[in-house]
Amino acid sequence: MMSALSIVTEDAAGRYVQWGVVQISVTNLVIIGTMILLFVLALVVPFGSGRGSRADRERRK
Amino acid sequence: MTAGAGALSPDDTTDPGNWTSRLRRKLEGLVPPGQALPDRQPVYVASWIYVFGVLTLAALVVVIVSGCILALGGVAWWHVSSLGLYINSVHLWSVELFFGFMVIHLWGKFWMAAWRGKRAMTWITGVVLFGASIGTAFTGYLSQSNFASQWISGQAKDGLNSVGIGAWFNVLNPGQMLLWHVVLLPLAVGAITALHVILVRRHGVVPPFDADPSIEQEA
């Protein structure tokens, strides 16, 4: 039976999140969450247009 | 002989059967002219998701440079001196960033189906590179020369023995693991990285699904 999500601190080695058979350290969970956040931001945050090359700037004049 | 106005080009003077000229032509043909270090890209490349490949490469450069400095100082130096401890940390954290950037790069390319348009070998070399990088990092954790490396090797030996490679790749032999970490695996990672980048430059970055193939504009 799947137990509810819980924070496990059985020893001093670190804090773990347990959800049934799934157990992951809080540190690893935070790192994975940060990576997913970075991935989503990379998709939605607009990319700067930059200064362009000298030829581009000449064309714009 | 000095090169003058009437000097012949290398192609005119060399024997087509000469292996040096054959190798030169091979190297010159690795990427299309002007594509080795292009300063212009298709307009759809102006997205942050296209940045993670080169971020991975930048992290790899820091990994290699900090690793070379650690090799100069040696084990006692990186465990004891403050500068050695600092360079050891730079080596560790650049590896963490290397893997973080590489996995985000992998997610981006997977959801973009980056093997499209005859880019299968680019994708496959990336997959092999991911595996080789994991092996390099693993032997690095075994080469820390502390209780963590001892514990990791003790945990890993049974799994590796069960698949029959323990006789050739013995995680309980720190000398062998250090040499795999600083010679064999970095050579493999370096060579596959070079091949991967050459393939990217040959075939170009993969366009998004909704990119108009007729777009000529470049940014």
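Q: What makes two residues count as being in contact here?
A: Their C-beta atoms, placed from the backbone, have to lie within 7 Å. By that rule, 8 residues of chain A are in contact with 10 residues of chain B. Mind that this is a predicted model, where local features need pLDDT of at least 70, side-chain atom pairs need 80 or more, and totals for chains, interfaces and linings use all residues. Residues are numbered from 1 along each chain as written, with chains lettered from A and ligands numbered from 1 in the order written.

Q: How do you know that the 30 residues of helix α5 of chain B span what they should?
A: The expected span is 1.5 Å times one less than the number of residues, so residues 82-111 should span 44 Å, and the end C-alpha atoms are 44 Å apart, which agrees. The helix itself is a DSSP run (H or I, at least four residues), numbered from the N terminus.

Q: What makes Phe98(B) part of a nonpolar core?
A: Such a core is a set of buried Ala, Val, Leu, Ile, Met, Phe, Trp, Tyr and Cys residues joined through C-beta atoms within 7 Å. Phe98(B) belongs to the largest one, 11 residues in all. α5(B) gives the most to this core, with 5 residues.

Technical notes:
Helix = DSSP H or I, 4+ residues; strand = E, 2+ residues; numbered from the N terminus. Buried ≥ 20, exposed ≤ 12 C-beta atoms within 10 Å, placed from the backbone.
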